[in-house]
Every structure is written in structure tokens, then in C-alpha cells.
Amino acid sequence: MSSCWRRGTADVPGFGFHTLALLTAIGLAGPLLAALPGLRIPVIIGELIAGLVVGRTGFGVLDYTNPTFQLLANVGFALVMFVVGSHVPVGAEALRSSLPRALARAALAGAVAVVLGAALAAVFGTGHAAMYAVLMASSSAALALPVIDSLRLQGPQVIAVTAQIAIADAACIVLLPLVIDLRHAPAAALGALAVAACAVMLYVLLRVSNVRGWRRRMHVYSENRRFALELRTNLIVLFALAALAVSTHVSVMLAGFAVGLVFARAGEPRRLARQLFGITEGFFSPLFFVWLGASLQVRELGSHPRLILLGAGLGLGAVLAHCAGRLLGQPFTLAVLSAAQLGVPVAAATIGAEEHLLVAGEASALMFGALLTIAATSIAGAVASRTQVTKGPSAAGPPNPRKHD
């Protein structure tokens with residue numbers, strides 16, 4: 001026992017405190033690149049690039065196959081998706097009123113994506129038409145909503161695109177596990193239903209706790225005693241649902257996003273939000289994206305030039321699919337902004353690599369396509385802020401009255 005206490009994680013082959021220190025330092029590449037004036041580079045892009053440099057593509061400093069590294073990265077993945085779900089303003093009245101337009105535009109983008117996905121799969125012979133369609137139809141709330149907030153974009157059209165992004169993100173997160181491996185689609189569907197049922201039960205429990213004052217009493221008691229009970233119970237729920245997802249062949253992405261949506265609707269205490277932000281953005285999120293970058297073999301694209309074209313096709317196809325919103329009166333800049341992708345391509349690359357479902361270099365092609373959408377989103381957001389096409393009420397709507405300190 002004393003020997004384990006002295007050595008700590010050094011007992012794990014190839015993974016110890018020196019690795020944790022290195023990972024934390026590498027993760028600083030995200031904030032450093034994001035701080036460059038005028039470029040508007042998302043933090044996670046810097047973390048992915050740093051992972052590429054020190055991982056399989058670059059110098060091979062990090063062993064992405066280490067079980068401890070993979071476990072911590074999966075914890076980070078679940079927490080990232082929880083934070084994304086908790087930031088979706090599901091309780092805003094303005095958001096609810098814009099749902100019909102948002103649903104129509106998301107459905108139209110999905111229909112175009114189905115056609116483009118079938119075409120890309122036929123051209124490149126991968127047999128992944130359904131997966132490509134889901135990728136191109138998806139939106140990234142984790143990327144697009146912070147861009148909207150940082151640029152102070154407002155107005156009815158921005159409210160509608162916020163709802164559209166949330167709908168597309170949630171729908172594609174649910175659909176991805178079903179289409180990435182068609183052989184296990186029935187099992188994945190049952191797993192997704194089980195996760196959704198648990199999320200509904202969690203919401204009911206939180207609502208009852210709010211009405212009867214149990215959450216408030218626990219909040220005050222925990223704050224006075226400094227027990228962090230809300231953080232502990234939240235992590236218990238998240239990890240339990242993630243365990244259910246893994247055991248039923250569903251990605252932890254769905255578990256994290258579902259729990260985040262539940263807390264967004266039921267009301268997440270600001271102190272809990274700050275605590276989760278600290279542990280996620282300060283450690284687990286950069287660790288996950290560094291691991292993801294380290295696991296990708298971008299040099300494979302050089303050996304498979306056709307996959308470069310696949311990545312370009314996926315990125316441009318996603319922008320084209322979302323630009324179909326112009327047919328329903330959506331401003332062009334906001335249509336392009338809604339094409340931002342990250343969570344779903346990341347999940348597809350992660351699941352595909354772990355389950356050996358993708359051809360060599362295909363995971364890198366998926367990420368290349370996502371990077372193209374991120375670049376398009378950054379440009380579209382900057383143009384939208386300059387043209388001032390979005391004046392009006394805030395997309396987030398009024399503050400959630402259930403939130404408390």
C-alpha cells in the first residue's frame with residue numbers, strides 16, 4: 001500500500017505525472033493560438049494541432065493507445081458533451097417560438113445531405129453514405145454558439161439559427177451511433193432509447209426536487225459545509241449514464257449531451273456550472289482533444305490523395321447542405337455559420353478508429369472536412385457582425401428563473 005502511495009500513477013506503464021504535466025502543457029497551445037488577434041481560432045483547434053504534432057502524425061511523443069490515457073480522454077469527451085448540452089438554451093421562450101422555422105431548415109439541410117452523402121460514398125467506394133449524410137447535416141453547438149455569443153449577434157434570424165443548430169446537433173448525436181455501424185444499429189438504437197429514458201427520469205427527479213426544495217436545501221448545505229455535493233452527484237449521474245451507453249454500444253457522447261440538456265432545462269446552479277467549467281476546460285477537455293489529435297494519422301492523407309478530396313467534399317458538402325436554408329429566407333452568412341462541425345465528426349473519427357470501421361486515412365478525412373467548416377464558420381461570423389444583419393433581441397432569451405447561485 002505504501003509503495004503504491006509513493007509511486008502513484010507511475011505504476012501505469014508509460015503514463016505518470018510526467019505525462020500529465022506534459023499533456024497540460026501541450027493543451028496550452030489552444031489558448032495561445034486563440035489569443036492571436038483577428039484570427040478567431042477556436043481553442044480546441046490549437047489543442048488538436050498540438051496533438052497532431054506530438055502524436056502519430058508528428059513526433060510520436062504520446063502513446064494514444066495507453067489505456068489510462070484513453071480512459072481520461074473518454075471522461076473528457078463525456079464532460080465536453082455535457083457542457084455543450086448544458087449551454088443549449090432549451091428554456092428560452094424566444095427559442096421555442098422559432099422552432100418551426102428551425103425544424104424546416106434543419107430538415108432541408110438533412111435532405112440535401114442525404115443526396116450528397118450517397119454521391120460521396122459512391123464516388124469514393126467507402127459504403128458510408130449514411131454516416132456522411134449525418135456528418136454533413138450536423139451542426140456544432142460547441143463551436144457555433146460561442147461564435148454567436150462572442151460576436152454579439154442578435155435578432156430573430158439569430159434566434160432561429162440557434163434553435164436550428166441545437167436541433168441538428170442533438171439529432172445527429174443520436175443518429176451517429178446508429179449509422180456508423182449498421183450491423184449493430186438495432187443494439188445501438190435500444191441503447192440510445194435506454195439513455196434517453198434515463199435522461200427523462202433524471203429530468204422528472206430534478207423537477208420534483210426543485211418543486212419540493214430539495215435541491216435548494218442541498219445547495220445551501222453543500223455550500224456552507226464546502227462539500228461540493230452538487231458536483232459529486234452530477235458526476236455520479238454522468239458516469240453512470242456513460243457506463244450504460246458503453247455497455248449498450250452507444251457513444252458516451254450521447255450520455256454527456258443528454259445529461260447536459262436535462263440540466264439546462266431543469267436549471268443548473270451557477271456555482272455548479274463554474275465547477276464543471278473548471279475541471280472540463282482546465283484539464284479534461286484539452287486532454288481529450290490532444291488525445292484525439294495524437295490518435296489521428298494525417299500523413300495517411302498523403303498516401304491516399306483521394307481521401308483529401310473526400311475531406312474537401314465533406315466540408316464543402318456540409319456548407320452547401322446548410323446553405324439550402326437560403327430557400328427558406330435564411331441570411332447566407334447565418335446559413336454558412338450553422339454548418340460548423342466538430343462534435344459529430346470527432347465522435348465518428350473516435351468511434352470509427354476504436355471499432356476499426358473506417359478505411360485507412362478516412363478518420364483524418366472526416367476531421368479535414370470539419371476543419372473546412374470551422375474556417376467557413378469563422379469567416380461567415382465575421383461578415384455577419386460587420387454587415388449588422390442581426391440586430392434585435394438576444395438569442396438566449398430572458399434569464400432562466402430556475403438558475404441560482
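Author: In H2, Leu20, Leu23, Thr24, Ile26 and Gly27 meet Phe283, Pro286, Leu287 and Val290 of H15, where a contact means heavy atoms within 4.5 Å. The model is predicted: local features need pLDDT of at least 70, side-chain atom pairs count only at pLDDT 80 or more, and totals for chains, interfaces and linings use all residues. Residues are numbered from 1 along each chain as its sequence is written, and side-chain values use heavy atoms, without hydrogens and water.

Reader: Why are H2 and H15 called roughly perpendicular to each other?

Author: The axes of H2 and H15 (residues 270–295) come within 9 Å and cross at roughly 90 degrees. These axes are lines fitted to C-alpha atoms over the stretch in contact, with angles running from 0 to 180 degrees between N-to-C directions. Angles under 35 degrees count as roughly parallel, over 145 as roughly antiparallel, 65 to 115 as roughly perpendicular and the rest as oblique. H2 and H15 are therefore roughly perpendicular.

Reader: What makes Leu22 partly exposed?

Author: Leu22 lies in H2, which spans residues 17–27. Buried means under 20% relative accessible area, exposed over 50%, and partly exposed in between (1.4 Å probe, protein chains only). Leu22 has 33% relative accessibility and therefore counts as partly exposed.

Reader: To which nonpolar patch on the surface does Leu22 belong?

Author: Leu22 forms the patch with Ile49, Val53, Phe59 and Val61, with about 470 Å² of accessible area together. Nonpolar side chains (Val, Leu, Ile, Met, Phe, Trp, Tyr) are joined within 5 Å, and like charges within 9 Å, from residues with over 30% relative accessible area and no salt bridge. A salt bridge is a side-chain nitrogen of Lys or Arg within 4 Å of a carboxyl oxygen of Asp or Glu.

Reader: How do you know that Gly30 is buried?

Author: Gly30, in H3 (residues 29–34), has a relative accessibility of 0% and therefore counts as buried. Leaving aside neighbours within four places in sequence, Gly30 is in contact with Val43, Gly46 and Glu47. Gly30 and Gly46 are 16 residues apart in sequence, and their C-alpha atoms are 3.9 Å apart.

Reader: Why is Ser209 called buried, and why is Leu316 called exposed?

Author: Ser209, found in H11 (residues 185–212), has a relative accessible area of 9% and is therefore buried. Not counting residues up to four places away in sequence, Ser209 touches Trp214 and Arg215. Leu316, in H17 (residues 305–323), stands at 59% relative accessibility and so counts as exposed.

Reader: How many helices and strands does the protein chain have?

Author: The protein chain has 20 helices and zero strands; helices (H or I, at least four residues) and strands (E, at least two) are DSSP runs, numbered from the N terminus. Of its 405 residues, 52% count as buried.

Technical notes: Areas by Shrake-Rupley, 256 points an atom, 1.4 Å probe, with all protein chains shown as cover.
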